[in-house]
Amino acid sequence: MEANTRSTGRLPAAFLTPGSSSFMDFLSEHQPEMLPGKRQLPPVQGVIEAPHGTTIVAATFPGGVVLAGDRRATMGNVIAQRDIEKVFPADEYSAVGIAGTAGLAVEMVKLFQLELEHFEKVEGTQLSLEGKANRLSTMIRSNLGMAMQGLAVVPLFAGYDVDRDKGRIFSYDVTGGRSEEQGYAATGSGSIFARGAMKKLFRDDLSEEQATTLVVQALYDAADDDSATGGPDVARRIYPIVTVITDEGFRRLTDDETSEIARSVLERRLEQPDGPRAALL
Amino acid sequence: MSTPFYVSPQQAMTDRAEFARKGIARGRSLVVLQYADGIVFIGENPSRALHKFSEIYDRIGFAAAGKYNEYENLRIGGVRYADLRGYTYDRDDVTARGLANVYAQTLGTIFSSAAEKPYEVELVVAEVGETPEGDQIYRLPHDGSIVDEHGSVAVGGNAEQISSYLDQRHQDGMSLAEALKLAVQALSREPNGGEREIPVERLEVAVLDRTRPQARKFKRITGRQLGRLLEDNGAETAAEAEEGEGEGEK
């Protein structure tokens with residue numbers, strides 16, 4: 001019967017089986033080999049060399065959240081790509097930024113976006129922000145095998161919670177552990193420095209504009225001390241990707257807007273290389 | 001044990017077709033029209049949650065008349081088909097023609113298989129193009145045939161009468177409001193020649209709008225926006241005041 005239904009060009013039974021609204025569930029039934037987590041990896045010695053994406057930062061402000069990332073991908077001591085994009089819209093009200101193995105991360109984001117869109121189309125309503133965050137958790141967990149071979153993917157998820165009317169940030173570890181961050185968060189190799197910078201600069205009454213400046217400052221500090229994070233590249237006009245999510249939805253700042261922020265940050269740093277100073281007491 | 005009666009294949013097929021047609025005609029009609037900026041779906045639907053029209057993919061919409069559980073299954077199958085195809089290749093590689101083919105094959109196989117009850121559904125698959133010339137509308141009757149339609153199409157209920165009404169009046173390049181009004185006029189016609197009024201809250205309207213900046217062109221039109229578009233239709237405006245909630249639906 002199964003062979004028969006396929007040969008007629010008819011939709012196979014799996015397509016017409018009611019029940020799941022998840023695209024990943026459907027894939028694991030119908031074509032499990034297409035799921036990243038179901039692939040068999042041959043045993044390898046040492047670490048596989050592949051481009052790695054680095055620093056992602058996020059900060060909330062009253063009325064929304066900003067998520068930003070630098071543009072560098074590295075492979076060992078080599079800069080693999082100068083203009084990689086690591087921050088993506090997940091759907092209308094959320095975005096995901098990725099640190100870790102670039103190839104796997106981009107695939108994960110593509111599947112994640114599709115997972116949310118698929119649910120929305122099948123159910124006619126969006127997943128809750130928590131639901132989306134949990135879905136991402138599952139996807140990271142299914143990558144654990146790869147992570148143990150050095151191909152980890154660690155995203156940062158930010159979104160506007162329509163039910164609670166505020167921006168929220170979720171961070172993850174390689175095992176898929178999820179935790180909600182208050183105020184600001186960072187992931188990737190430069191995250192320690194970025195977090196340090198935001199710790200001193202963050203306030204909970206920032207405007208949207210100030211919040212975008214904050215994340216660019218944090219990325220600058222990360223690039224300052226971490227060789228794998230790229231700073232604003234004025235010569236090539238490559239600036240960080242900055243996205244804002246509010247009740248009006250996801251918006252990626254244009255190149256002109258980010259270049260303006262990056263340039264003003266850069267200008268001040270010419271006088272004060274370490275950036276703005278916080279009060280001692 | 002009794003010997004089954006002999007039924008000629010012709011008779012069997014006619015019976016099955018008759019069965020499906022009756023089932024489809026039992027529901028309310030819905031119409032799909034081209035307008036200047038895209039394709040609009042209009043139908044009478046007392047439910048706000050159980051939709052007759054839905055999004056399949058970026059540029060592709062779906063409309064169905066007939067039995068809910070059957071077309072809902074086909075709709076989800078279509079969403080899965082489109083999403084899988086887009087994931088495997090690229091978003092541009094998902095086409096209404098491909099989807100219509102799969103639906104035709106599915107409906108055709110079910111229709112001619114003696115082991116299954118024929119589906120009592122009639123589908124419309126529409127894809128909005130970059131220009132009106134690129135728009136595609138396919139009508140898929142219960143038996144797996146496929147009809148490439150232009151301008152306007154009606155399915156379900158007294159579809160024949162409505163189609164001929166629309167054929168005479170539909171023009172290329174109509175505005176959305178004009179198309180909507182024409183559709184409501186067509187849907188209000190009774191089979192016996194009379195007319196009845198369809199209150200605006202019983203209308204389900206969706207568009208595939210090629211001018212939308214997002215990749216996903218499908219959008220539902222509800223509440224106040226719908227009321228505004230139908231404004232000079234007189235009686236239809238009363239209900240709009242309390243609505244407008246659904247307007248933000250993406």
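# Briefing: a predicted model with chains A and B

The largest nonpolar core holds 150 residues, and those that touch the most other members are A:V57, A:A58, A:V215, B:V31, B:I42 and B:V125. This is a predicted model.

**Around the core**

- A:A58 is one of the core residues with the most touching members. Leaving out residues up to four places away in sequence, A:A58 touches A:V65, A:V66, A:L67, A:L156, A:A158, A:I169, A:Y184 and A:A185.
- B:I42 is also among the core residues that touch the most other members. Strand β2 of chain B spans residues 38-44, and six of its seven residues are buried.

**Where chain A meets chain B**

- Chain A gives 15 residues to the contact, and chain B gives 16 residues.
- On the chain A side, α2 (13-16), α3 (23-30) and α4 (102-123) each supply at least two residues.
- The largest share of that side comes from α4(A), with four residues.
- Sorted by class, the chain A side has eight nonpolar, four polar and three charged residues.

**β2 of chain B and its two partners**

- Strand β1 (residues 30-35) of chain B runs antiparallel to β2(B), and six bridges join them.
- β1(B) and β2(B) form a hairpin, with two residues between the strands.
- One of the paired positions is B:Y35, whose bridge partner in β2(B) is B:G38.
- β2(B) is also joined to strand β9 (residues 203-209) of chain B, by seven bridges and in the antiparallel sense.
- B:E44 stands opposite B:L203 of β9(B).
- Strands of a sheet pair through backbone hydrogen bonds, and the pairing is either parallel or antiparallel.

**The five-stranded sheet of chain B**

- Five strands of chain B make an open sheet in the order β3-β4-β5-β6-β7, with antiparallel pairing.
- Its edge strands are β3 (53-57) and β7 (147-149), and each pairs on one side only.
- From one strand to the next, the twist averages 25°.
- Three bridges link strand β6 (residues 136-140) to β7(B), in the antiparallel sense.
- B:I137 has B:E149 in β7(B) as its bridge partner.

**Helices across the sheet**

- Helix α2 (residues 68-88) of chain B lies across β3, β4 (60-66) and β5 (121-127), and runs at about 165° to β4(B).
- Helix α3 (residues 96-112) of chain B lies across β3, β4, β5 and β6, and runs at about 5° to β6(B).

**A helix pair in chain B**

- The axes of α4 (residues 159-169) and α5 (residues 176-187) of chain B come within 9 Å and cross at roughly 145°.
- The crossing of α4(B) and α5(B) is right-handed.
- α4(B) makes the contact with B:I162, B:Y165, B:L166 and B:R169, while α5(B) uses B:L182, B:A186 and B:L187.
- By class, the residues of this contact are six nonpolar, no polar and one charged.

**A loop residue in chain A**

- A:D226 sits in the loop between α8 (208-225) and β12 (241-246) of chain A.
- A:D226 counts as buried because 20 other C-beta atoms lie within 10 Å, and the cut-off for buried is 20 or more.
- Beyond its neighbours within four places in sequence, A:D226 is in contact with A:T55, A:S189, A:G190 and A:F193.
- A:D226 and A:M148 are 78 residues apart in sequence, and 23 Å apart in space from C-alpha to C-alpha.

Conventions:
Residues numbered from 1 in each chain as written. Chains lettered and ligands numbered in written order. Predicted model: local features only at pLDDT ≥ 70, side-chain atom pairs only at ≥ 80, totals over all residues. Buried ≥ 20, exposed ≤ 12 C-beta atoms within 10 Å, placed from the backbone. Pairing = 2+ DSSP bridges. Contact = placed C-beta atoms within 7 Å. Nonpolar A, V, L, I, M, F, W, Y, C, P; charged D, E, K, R; others polar. Core = buried A, V, L, I, M, F, W, Y, C linked by C-beta atoms within 7 Å. Axes fitted to C-alpha atoms, helices over the stretch in contact; angles between N-to-C directions. Left-handed = near helix turned anticlockwise from the far one by under 90°.
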